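Me: I would like to go through this model term by term. For each label, please set the value against its cut-off.

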Amino acid sequence: MGVLLLELLLFIGCSPAADGDTGDTDTQTDTDDTDDTDGIDTDVITDTDTDTDTDTDTTVPPDGAALYTDTCAVCHGADGTGADGNPDITGEMDRDDAELLDIILNGKSDMPPQDVTEPEAQAIIDWMRATF
Ligand code: HEC
């Protein structure tokens, strides 16, 4: 009794649906192949974007050497020994960071305040200490 019912259900279930399923399956297979190819391309592009983002984040620390050259060298010379009547500062590196930061950010008598951020000023100080 149970087996008969199952065969009946299978027969009814299969015969009308069989033709339609075959047609549908062919169409879907083509579509899936196209989707898979697109999926691989997208993955490669996403990896490249991630690498670029990481590189951008890594270049955040200020470059003390470049900042000194752009900001200070015009008055103090590339090597800190002075230029155009401005003083040699190579002997000033025994001062502590707070004092040098104050001079750079706020200026001192004839030296005008410099247009750098505090982290940039600190990077310049680190570079001068290592170089002068
Ligand atoms: C426009 C020219 C000019 C620029 C640009 C300049 N300075 Fe000076 N700097 C001076 C002059 C002038 C003095 C001497 C100030 C004084 O009379 O005590 C000086 C003095 C100093 C001193 C010694 C201060 C002292 O007590 O003797 C330091 C250190 C210094 N500068 C660092 C820097 C750094 C670092 C930069 C770049 C971020 C810079 N300066 C940019 C003109 C300049």
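Me: Why is Asp 94 called exposed?

Reply: Asp 94 has 7 C-beta neighbours inside 10 Å, so it counts as exposed. The scale runs as follows: a residue is buried if 20 or more other C-beta atoms lie within 10 Å of its own, exposed if 12 or fewer, and partly exposed in between, with C-beta atoms placed from the backbone. Asp 94 belongs to the loop between H3 and H4. Its C-alpha atom is 8.7 Å from that of Arg 129, and the two are 35 residues apart in sequence.

Me: What should I know about the origin of the model and the numbering?

Reply: This is a predicted model, in which local features need pLDDT of at least 70, side-chain atom pairs count only at pLDDT 80 or more, and totals for chains, interfaces and linings use all residues. Residues are numbered from 1 along each chain as its sequence is written.

Me: Which elements does the protein chain have, and what makes a run of residues a helix or a strand?

Reply: The protein chain has 5 helices and 0 strands, in the order α-α-α-α-α from the N terminus on. Helices (H or I, at least four residues) and strands (E, at least two) are DSSP runs, numbered from the N terminus.

Me: What makes Thr 90 partly exposed?

Reply: Thr 90 has 15 C-beta neighbours inside 10 Å, and therefore counts as partly exposed. Like Asp 94, which is in the loop between H3 and H4, Thr 90 is found in the loop between H3 and H4. Leaving aside neighbours within four places in sequence, Thr 90 is in contact with Gly 80, Thr 81 and Phe 132. Two residues are in contact if their C-beta atoms, placed from the backbone, lie within 7 Å.

Me: Which residues have a positive phi, and are they buried or exposed?

Reply: Asp 84 has phi near 55 degrees, a positive value in a residue other than glycine. Asp 84 has 8 C-beta neighbours inside 10 Å, so it counts as exposed. Ser 109 has phi near 40 degrees, again positive in a residue other than glycine. Ser 109 has 6 other C-beta atoms within 10 Å and is therefore exposed. Asp 84 is in the loop between H3 and H4, while Ser 109 lies in the loop between H4 and H5.

Me: What surrounds the ligand, and what makes a residue part of that shell?

Reply: The ligand is surrounded by 20 residues, and the closest are Cys 72, Cys 75, Ser 109, Asp 110 and Met 111. Helix H3 (73-76) and helix H4 (97-106) are the elements that give two or more residues to the shell. A residue is near a molecule or strand if its C-beta atom, placed from the backbone, lies within 6 Å of it.

Me: How do you know that the span of helix H5 agrees with its length?

Reply: Helix H5 covers residues 118-131, 14 residues, which at 1.5 Å a residue should span 20 Å; its end C-alpha atoms are 20 Å apart, so the two agree. The expected span is 1.5 Å times one less than the number of residues.

Me: Why is Ile 125 called buried?

Reply: Ile 125 has 21 C-beta neighbours inside 10 Å, so it counts as buried. Ile 125 lies in helix H5, whose buried residues are Glu 120, Ala 121, Ala 123, Ile 124, Ile 125 and Met 128. What covers them includes helix H2 (64-71) and H4. Ile 125 is in contact with Asp 97, Leu 100 and Leu 101, leaving aside neighbours within four places in sequence.

Me: Which residues form the largest nonpolar core, and what makes a set of residues a core?

Reply: The largest nonpolar core has 9 residues: Leu 67, Tyr 68, Cys 72, Ile 104, Ala 121, Ala 123, Ile 124, Ile 125 and Met 128. H5 gives the largest share of this core, 5 residues. A nonpolar core is a set of buried Ala, Val, Leu, Ile, Met, Phe, Trp, Tyr and Cys residues joined through C-beta atoms within 7 Å.

Me: How do you know that the buried residues of H2 are on the same side?

Reply: Gly 64, Leu 67 and Tyr 68 are buried in H2. They cover an arc of only 100 degrees around the axis, which puts them on the same side of H2. The arc is that of the directions from the helix axis to the C-beta atoms. The buried residues of H2 pack against H3 and H5.
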